[in-house]
Amino acid sequence: MTEQPARLTDTQTLKHLAEAYAREARANMRYHFAARLADVARRSDVAQVLRAAADEERGHAFGFLDLLIEHGAQAPE
């Protein structure tokens with residue numbers, strides 16, 4: 001018999017997951033913005049590192065989003 005995950009509906013944990021998702025999504029956009037600035041400055045080496053960091057942040061955001069949906073939260077805007 002498989003155990004059901006704990007219900008997190010309307011808990012502080014679920015609110016923290018939503019906040020973490022938002023932070024990771026914002027970090028992703030900041031890294032992309034900085035990468036674009038590096039492109040303008042003709043620093044493709046720096047832009048490449050920043051885009052790699054953005055990809056990591058996106059992965060974190062999707063992980064938090066998966067947890068939110070799994071535990072019954074509304075998908076964030």
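Visitor: In which helix is N28 found?
Guide: This is a predicted model, in which local features need pLDDT of at least 70, side-chain atom pairs count only at pLDDT 80 or more, and totals for chains, interfaces and linings use all residues. Residues are numbered from 1 along each chain as its sequence is written, and side-chain values use heavy atoms, with hydrogens and water left out. Helices are DSSP runs of H or I with at least four residues, strands are runs of E with at least two, and both are numbered from the N terminus. The run of residues 12-40 holds N28, and this run is helix α1.

Visitor: Is N28 buried or exposed?
Guide: Buried means under 20% relative accessible area, exposed means over 50%, and partly exposed lies in between, with a 1.4 Å probe and protein chains only. The relative accessible area of N28 is 10%, so N28 counts as buried.

Visitor: Which residues does N28 touch, not counting those up to four places away in sequence?
Guide: A contact means heavy atoms within 4.5 Å. With residues up to four places away in sequence set aside, N28 touches A54, D55, E57 and R58.

Visitor: Is F62 buried, partly exposed or exposed?
Guide: F62 lies in helix α2, which covers residues 44-70. Because its relative accessible area is 48%, F62 is partly exposed.

Visitor: How many Å apart in space are F62 and E24, C-alpha to C-alpha?
Guide: Along the sequence, F62 and E24 are 38 residues apart. In space, from C-alpha to C-alpha, the distance between F62 and E24 is 8.9 Å.
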